[in-house]
Amino acid sequence: MKHFVRAIALLAAALLPTSAISAQAQGDMLVVSPQQLLKELGQPNLVLLHVGPKDDYDAGHVPGARYVTVQQVAAAPVPGAPALELPDEADLRARLEQLGIGNDSRIVVIPGADWGSPSTRMVWTLQAAGLGARTRLLQGGNEAWKRAGLAVTTDAPAAPLAGKLTLAANRSIVADHAWVQSRLGTPGFHLLDARLPVFYEGAGMTDSRGVKRTAGHIPGARNVPFNSLMNDSLQFLPRETLRRIFADAGVQQGDTVVAYCHIGQQATVVLFAARLLGNPVKLYDGSFAEWESLKLPVQNPTAPREP
């Protein structure tokens with residue numbers, strides 16, 4: 001009987017669509033558990049990047065992890081431009097090489113404290129540099145490592161030797177405002193707003209300078225809040241739950257997910273979840289900050305309607 005059940009299971013797996021199997025495998029390659037990472041510590045070419053509050057890192061982190069910020073791999077700030085944008089290829093390559101990253105590196109990004117979106121922004125940046133297949137996210141981050149009872153250190157690793165990075169960049173995952181405008185409503189492409197509903201639905205926001213920002217969202221965008229895809233322990237929800245959330249937003253297997261948020265950080269949580277399901281992704285890097293500055297059309301459900 002046991003052999004019969006096993007045979008049925010093997011037959012069922014064989015009958016699954018190849019795309020479903022490859023999507024599952026692709027998702028599995030994007031994350032690593034604390035127990036898996038423990039087995040890999042000390043291996044050649046392993047690069048650990050801790051993204052989070054500095055005091056959290058200083059209080060204890062995965063041995064060998066290097067403290068980094070998303071600003072270290074972002075373009076230099078320009079007055080009037082979005083606060084967080086991808087550098088050009090040469091600049092990004094140089095920044096990553098200074099972190100010891102090269103063609104043979106295997107990278108694990110470790111979220112610190114509750115810094116989920118900065119960590120997925122780091123993963124997306126590495127994907128744009130051509131390192132998507134060599135980069136994983138530690139499920140649950142630094143806190144999961146500690147909860148597993150694994151050893152931490154307060155020592156920072158020695159400065160790395162500069163890496164040599166010649167891999168082809170992957171700029172296909174970057175979208176600009178013109179691309180977004182030209183694809184609105186195109187079958188197979190879904191524009192998702194990763195901001196909280198209060199911003200998507202039209203209440204708007206006031207920035208740190210007290211300036212009232214434009215209310216609403218890019219026309220045609222559906223709302224998938226970035227904080228709806230992870231639990232409080234920085235672990236992505238089960239695949240079936242994620243699949244249901246994306247399906248409710250109209251996204252099916254194989255569709256391209258294009259996401260934006262305020263400045264291109266929260267949206268990367270949505271994109272990472274989409275990659276876990278095997279969907280192609282693009283980030284509108286300028287996001288709503290750029291869209292607003294260009295005075296492009298905005299859909300505002302709460303705006304007063306003319307009689």
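Which helix does Glu40 lie in?

1. Glu40 sits in helix 3, residues 34-40. Helices here are DSSP runs of H or I with at least four residues, strands are E runs of at least two, and both are numbered from the N terminus. Before going on, a word on the model: it is predicted, so local features need pLDDT of at least 70 and side-chain atom pairs count only at pLDDT 80 or more, while totals for chains, interfaces and linings use all residues. Residues are numbered from 1 along each chain as its sequence is written, and side-chain values use heavy atoms, with hydrogens and water left out.

2. Is Glu40 buried or exposed? Glu40 counts as buried, at 14% relative accessibility (buried is under 20% relative accessible area, exposed over 50%, partly exposed in between, with a 1.4 Å probe and protein chains only). Setting aside residues up to four places away in sequence, Glu40 touches Leu46, Arg106 and Arg136 (contact means heavy atoms within 4.5 Å).

3. Now the charges. The whole structure holds eight salt bridges (a side-chain nitrogen of Lys or Arg within 4 Å of a carboxyl oxygen of Asp or Glu). One of them joins Arg136 to Glu40, with the closest N and O atoms 2.6 Å apart. Arg136 lies in strand 5 (residues 135-138) and Glu40 in helix 3, so this pair ties together parts 96 residues apart in sequence. Both partners are buried.

4. Arg121 pairs with Asp285 in another salt bridge, 2.8 Å between the closest N and O atoms. Arg121 belongs to helix 6 (residues 116-131) and Asp285 to the loop between strand 10 (281-284) and helix 12 (287-293), so parts 164 residues apart in sequence are tied together. Arg121 is buried at 2% relative accessibility, and Asp285 is buried at 5%. As for shared partners, salt bridges join Glu40, Arg106 and Arg136 into one network.

5. Asp58 and Lys54 also form a salt bridge, 2.9 Å from N to O. Both are in helix 4 (residues 54-59), four residues apart, or about one turn of the helix. Asp58 is partly exposed at 37% relative accessibility, and Lys54 is partly exposed at 40%.

6. Arg66, in strand 3 (residues 66-68), is worth a look. Arg66 is buried yet has no salt bridge, and Asp58, the nearest side chain of opposite charge, is 12 Å away (Lys and Arg count as positive, Asp and Glu as negative; His and chain ends are not counted). Beyond four places in sequence, the contacts of Arg66 include His50, Tyr57 and Pro157.
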